[in-house]
Every structure is written in structure tokens, then in C-alpha cells.
Amino acid sequence: MKEHIKSYLLQPINSAPLAVFRIGFGIMMFLSIIRFWSNGWIEKLYLEPKFHFSYYGFEWVKPLGNITYLIFFICGLSALFVALGWKYKWAIVTFFLSFTYIELMDKTTYLNHYYFISVVSFVLIFLPAGRRFSIDNYAFSKANKKPLPHSIPRWTILSLKVLISIVYFYAGLAKINSDWLLRAMPLKIWLKSKYDLAFIGENLMQQDWFYYAMSWSGMLYDLTIPFLLLYKRTRWFAYILVIIFHVFTRVLFPIGMFPYVMIVSALIFFDASFHEQVLALIKNIIPEKIKHWIKPKPISYKPSRVNLIIVSTVIAIQLLLPFRHLLYPGELFWHEQGFRFSWRVMLIEKVGYTSFKVVDKKSGESFMVDNTDFLSSFQIKQMSFQPDFILEYAHFLEDHFTKQGHSNIAIYVDSYVALNGRRSTRFIDPEIDLTKEKESFKNKNWIIPFNDEIKGL
Amino acid sequence: MRKIGILFITMIAFISCDSSDDSSDNGNQNNFDRSGMMTNIADNLIIPAFTDLNNDLATLENEIASFSTSPDLAGLNATRTAWLNAYTTWQYVEMYNIGKAEEVQLAFKMNVYPTNVTDIQNNILDGNADLNAVNNNDAVGFPAVEYMIYGTGNDDQEIIDFYSTDSNASLNKQYLIDLSAAMKSLTQEVLDDWNNGFRDSFVNSTENTATSALNRLVNDFIFYYEKGLRANKIGIPAGIFSSSSLPDRVEGLYSEVYSKQLATTALNAVRQFFTGQHYNSSTTGLSLSDYVTASETDANNSLSTEISNQFETAQNQLSTLDANLSSQVNTNNTAMLQTYDELQRAVVLLKVDMLQLLNINVDYVDADGD
């Protein structure tokens, strides 16, 4: 049995899908960085705010003033190098590090698809994606070294398929809950507010049945699409669904490049023959002069066992990490402990209002903080309903006002949150002095429990 | 494949039948007439209020002109009455920081308080100060006029002397005249813009985008309620945002007795906006309240009713205060704090519950709903 698995995983297969994936991934990332930059988001998100919310354990990762531009430049450039397959190893390591650094600078901007990109780029470090249809390949042939291999072990491409499948399948599992399926929330709120869409805004988007149809089909889509993509006979049908689904979400929601990234990534499920055609197509648009790059002789490739172990470990973590919320009592959507990094996408509509009261414990004098003095509107929005943000900001305020000469400060919050269309209720215990609470993986018992029940996974 | 298809269709059918049962109470949620709401707000609230303000300021200009010609008690009192009338009307327009009003920063040029007496004195001596300059925002507008007609002497006679026998009397008169002229001309500019095309683009700009007039209006309204009304008029003097109370931060500091009246008028304006009540009339039209009602999913727990009730509670609490909020802070600040708390409760309803329900788009950044 073990031998059987081993030979299955190590079986040499055509490397074309991995080459196409690398090219697609590199181009998408390059465009993402350009888009981010040209939207002015570097200034808006990383340079203008006075304070940045850090991930637990990564407090040392901060925007670096104007050097932040350099990080984005390096990130974009390395993405381009990845696409070209030029110094691939260096390029993908640089991309992973710079991209992940950017994401760690401020968790206000956390998006599941950014996390997905970090995970994929980390895995790509250990895959031989630069060995086909690349400048590296050309350089090697030129120097009369051994040409790089044409075939790669099966596990390399399989690991990417598994990663993408996890994203969909876990997103589908997370949708099996009473809010999503029985109340059509939060889609009801979101779709209803798309009244300004052409043709469908004033009719389809206002129909109750449509919210339920979208909720249920979204859940079924996420759960089944990995299998439909894996199974050859349904693959084309599945891929058309992928395109329809993601284009639709692109029209409806401000989710940036994510739909395109997924549409391109899902190509990995197609057979090598398809990818050979893609490569041939690209070859056709490459000038005649440099065409001979792309014709190395196939030779056998001995894969590194260490790489396989590392990639397997990443996948194991991906399988387990989304379930860590089970270690916390109460409603996950409410307290959000274990919510991030678990492919819970588009699941909750939350609005909060949180204001901070600074009390001088000696004199008993107190004042409320104007959050706009320290945070951007986007930061205020995100902070207001996420407990770890609230705590981190409270500690920042403690430091700030201590430096200003106040001593013996206590900080209390007045916090209200509304979840998925429910009426707002108090979110944080107003009697708790947040300066006494420390960030940790322990349950935050100062969050007032959710006063309703959401059944499901 | 076919099985999945059948399963899918069955589920959709099942759910849509099921859902039609509980949605019977919100059948009319669809296709709320947003443009109709904007039309009502523009034609029956905003433009009439700006028109009235413009007339009030014209009156103020006239009174100041005749007071300047012959400074006497009757002229001073007439000026004060005209000032109070215009200031009262101003409470109905301050929240509409949109279009030309935003462009010329109307609110910053009309109602920054406390006014800066030193700046005013320097401007008077200067004789030629640019009243539109940003650094003069705290030396112009209603609070500056108020200082000029209430704060430049210990009694009415001293104030009249300030414009007649004072060594700088003519400069003093000129500053008062300039102040009212600047206010009038800004208001005229904003009103003209409303009457010349802006109204039409306003009523039709109802998309759900960060820049549509509808979303801007709702955001302006909430911002005004939170900052201009709740914080500036009550919270800051009561010491909510500082270690101790700041009784000299009230609106209407120099006239002393109008601070509560102005706050009451402002809250009334907020309530009339919310319910679509026409300016200076008891008639109502399509309003934000109707929009909230149309978007609600639970008819038994109406958010628009709760917001209206909370406004009323706050209004009742406000009415218990002393006419002079500054002395209210000094004698019994607890009552001020209670008023603040009631105003604050409505902030949560507006910013959390209402914004979630309407899903108003405020900022353009990628978000996957976390």
C-alpha cells in the first residue's frame, strides 16, 4: 500500500501544467501589485494611518515609510521574474517574503485570497515550476549544461490541486450554517443593496427567492467544484461554472483580483495536453529569434524528499487549521476567534461601533477617545467588530496617553455589533479594563456572548 | 451530474416555497423610490431651508447696515434678532455638507465655535483680512458675529460704544459688515448651485457607490448628527472628550441663553430630515425613515420606529436642561451627560443597525466579507 502511494506520488508526469500555472500566477500577481499601487492603496492603507494593527507574534512587521514602495516594487518585480521563470528560485522566495511581509503589515486589510497567495507562493518555492518554458531553462541550455527536465513527479501538480480544492471545499463547509442556508444571510443584505446594477438590480436582486437560490447554489458550488474539476468527464462543465461563478461575484462584490486568480489557478486541473496547447499558443506569439528556449530534451528528474515533506506538511496544516475555532466556546461569527486563515469567505456582514473611554484611576477623571485622531475610516470599521483589534488598539491608546503624561490609566469600551442583519447588541463587557487583558490564543472572556444561535459547522 | 442537478433544483424549489411563507410581512421591500426620497429632501427640505437662510442673512446684512449707520440699542437688538433667526435657520442646513456647500466648506465658515477672539481682534485691526482663509474659520460666521454683538462689552451700552465712540469704531463696524457679507455671499453661492442644476443631479444620483449623492447624504447626515450635534453641542462642553468639562465650548457662548434653543432646533432638524418633514411645515414626504422601513426584514421590530423614538427620548432629555448649557455644565453636568447618552444611543442605531440594513457603501477597498 505504502509502495503504491509512493509510486503514485512519484510517478513522472508532464511538467506543462506547472509551467502554465507559474506563468499565470506570476502575471496575475504582477497585475495585482500594479493595480494596488495605481489605486493609491499603498498611501491610503500603509502610509497615511498613524497606527497599524499587527498579527499576534508579528508585531515587528510594520510599514517602513517610503521604503514600503520599494517592498511593493520588489514584490511586483519578483512576480514578473516568476512569470518569466528567470532566477526562479530567488524570484519565488523573494515574492513569498515580500508579499507576506506586505500582508503582515496591517491586518485591517486581511483577505482570504491574500492568504491563499502567500500559501501558494510558499508551496511554489518547493515545486520545480521554473524548469519548463522559462528563461532559466534557456540559460541552462546555452551554457551547455544538462537541460532541465521535462517531466516532474506527480505530487508537485497534485499538491496545487489539493490546495485549491481545500479553499473551495472548506468555503463550502463553512456555508453549511443556519444563517447562510435558512436566512439567506448575509447575501440578502448584500444582493438587495445592488439595486443599481443594470438589468437585474431592480428586479432579480430584490427577490427573496433569489437570495436563497444564491446561498444554496453557492454552498453546493463550493463543495462540489473540486470534484467536478478533478473528474475528467465533468471538467469542462466545471470550469465553465468556475468562470460564471467568479465573474458573477466580481460583478457583485468588491473582491479585486480574487476571481481572476481563481479562474487562472483552476486551469491546473486540466490535462497536460491542454497545457501543451497553451504553451504552444504562447510560443506562437514569442518572436522567432528566441523560440529555441523552449525545447529542452526531457530527462528524468529526481525529486527532493524534503520538498515533498514540506509541501505535505503545508497541506496538513491547511486541513487542520480551519477547525481551530472548535477550541473556543461560543459563536465563531461573533467572537471571530479562529475565523481568519480558514477559508470562511463572504460569510458574515458585521457592523460595529466601538468607542474607548480612558480613565485616570487616581483622579477618577475620564474622557472618550475620538478614533479618527488615530485610525483611518477603514481601520475604524474593521476594528469596531473584531476583538483582537479592539484589544490591540486599547493597548496602543494606553501607551499613547501614558506618554502624554497620564498615569494609572484604565481603558473601557462602549461597543455594539450587529451580525447578519440582527439588531445590534453590546459586544464587549463595558466593566473590563482592557489594559489588564493581554493578547493570546486563550479565549477572550471579555467578549459578551452572542445572544442568538447560528447552527451549523 | 444529473443527480446533482435534480438535487439542486429540488432544494431551490423547496427553499423558495418555504421562504415565501415568512416573507409575507416584507412584501413591499422591493424597489423603494430612492429618487423620490431624494426629490423630497431636495425640494422640500434642503432648498427651502437654504432659501430661508439666504433671506435671513439678507435681513441680518440690512440690520447690520442700519446699526452701523447709527449705533443704538434698537439697532443692536434688531441685529441680534436677525442673527438669532439666521442662526436658527442654519441649524436646518448644517448637515447638508454636499455639493457646493462641501466645496466652499460652508460649515467651517459659518459655525466653528468657540470663536477665536484674538483672531477677530487682529482681523479688525488688519482691516483687510481674507475671511475665506482657512485660518480664519474660527474668526467668522455666526459665532464671530455673536461675539461682535454680545461679547465686545460688559453691557449693551459698552457694545454700542464699541461701534460709536471706540477709537476703532469704524474698523469694528466694517468687520461686522464684512462678516455678514461673507456669510450671505457663501450662502447665495450654495443656493444658486442648488437652483442651477445641482438639484437635478442630486435627485438622480442614487447608486450604491461611495460617491453617489444618496450615500453621501446619508453619511453626511450621520456624521453631522455624531459630530456637529452630539459632540459639539453637548458632548464637548460636558467634558465627554476631555478630562474635565469645558463650559466655554458651548454654541452661543456670548449670548448665553440660546445654546439649548439652538441644540433643540438642530435635533428637530435631524428628526425632520429622518422623517422627511418639509421645512417649516407639518407635511411629510418620502424619507430615510421610509427607506429603512422598506429595507427591514422584521416588521415586528421596526428600526425606523426605534430610531424615531430614540430621537424623541433625546429631545425630552434635552428639554430638561437649562437654557444656558454653559451654566448647566457648571451647576449640574450629570443632566448634560444624560442628554449625551440618549443622543449617543441613536448613534449606534444609525451607524450600526441602519448602515447594515441599507448596506451603504462608504469606502472603496477590496473586502471579501472577511
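Domain bounds here come from an automatic or database domain assignment. For chain B that assignment gives domain 1 (32-206) and domain 2 (208-363), and the centres of domain 1 of chain B and domain 2 of chain B, taken over C-alpha atoms, are separated by 23 Å.

This is a predicted model, in which local features need pLDDT of at least 70 and side-chain atom pairs count only at pLDDT 80 or more, while totals for chains, interfaces and linings use all residues. Residues are numbered from 1 along each chain as its sequence is written, chains are lettered from A and ligands numbered from 1 in the order in which they are written, and side-chain values use heavy atoms, with hydrogens and water left out.

**Stop 1**

The size of an interface is often given as the accessible area lost when the parts come together. Buried area is that loss for two parts, found with a 1.4 Å probe and summed over both. Domain 1 of chain B and domain 2 of chain B bury about 3,500 Å² between them, 66% of it on carbon and sulfur atoms. Select Tyr92(B), Met95(B) and Tyr113(B): they supply 20% of the area that domain 1 of chain B buries against domain 2 of chain B, more than any other three residues.

Next, show Arg216(B) and Glu102(B). They form a salt bridge, with the closest N and O atoms 2.9 Å apart. The term means a side-chain nitrogen of Lys or Arg within 4 Å of a carboxyl oxygen of Asp or Glu. Across the interface of domain 1 of chain B and domain 2 of chain B, the rule finds 1 salt bridge.

**Stop 2: a helix pair in chain B**

Two packed helices are described by the angle between their axes and the distance between the axes. Helices (H or I, at least four residues) and strands (E, at least two) are DSSP runs, numbered from the N terminus. Axes are lines fitted to C-alpha atoms, for helices over the stretch in contact, and angles run from 0 to 180 degrees between N-to-C directions.

Select helix α7 (residues 141-151) and helix α8 (residues 156-164) of chain B; they pack at an angle of about 110°, with their axes 8 Å apart. That makes α7(B) roughly perpendicular to α8(B). Angles under 35 degrees count as roughly parallel, over 145 as roughly antiparallel, 65 to 115 as roughly perpendicular and the rest as oblique. Show the side chains: Met148(B), Ile149(B) and Tyr150(B) in α7(B) meet Ile159(B), Phe162(B) and Tyr163(B) in α8(B).

**Stop 3: a cis bond in chain B**

Most residues other than glycine have a negative phi, and most peptide bonds are trans. Go to Tyr113(B) and Pro114(B), where the peptide bond is cis, with omega near 5°. Pro114(B) sits in the loop between α5 (106-110) and α6 (117-126) of chain B.

**Stop 4: where the chains meet**

Show both chains. In this interface, 51 residues of chain B are in contact with 65 residues of chain A. The two chains bury about 4,900 Å² between them, 54% of it on carbon and sulfur atoms. The rule finds 3 salt bridges across the interface of chain B and chain A. Select Glu306(B) and Arg423(A), which form a salt bridge with their closest N and O atoms 2.1 Å apart.

**Stop 5: chain A**

The assignment for chain A gives domain 1 (2-174 + 271-325) and domain 2 (351-457). Their C-alpha centres lie 38 Å apart. Domain 1 of chain A and domain 2 of chain A bury about 1,400 Å² between them, 67% of it on carbon and sulfur atoms. Select Phe51(A), Phe53(A) and Tyr56(A), which lose the most area in domain 1 of chain A to domain 2 of chain A, together 45% of what that side buries.

Now select Asp222(A) and Lys175(A), a salt bridge with the closest N and O atoms 2.6 Å apart. Asp222(A) lies in helix α11 (residues 208-230) of chain A and Lys175(A) in the loop between α8 (154-174) and α9 (178-182) of chain A, so the pair ties together parts that are 47 residues apart in sequence.

Finish at Lys87(A), a residue other than glycine with a positive phi, near 50°. Lys87(A) is in the loop between α4 (67-84) and α5 (88-105) of chain A.

Methods. Contact = heavy atoms within 4.5 Å.
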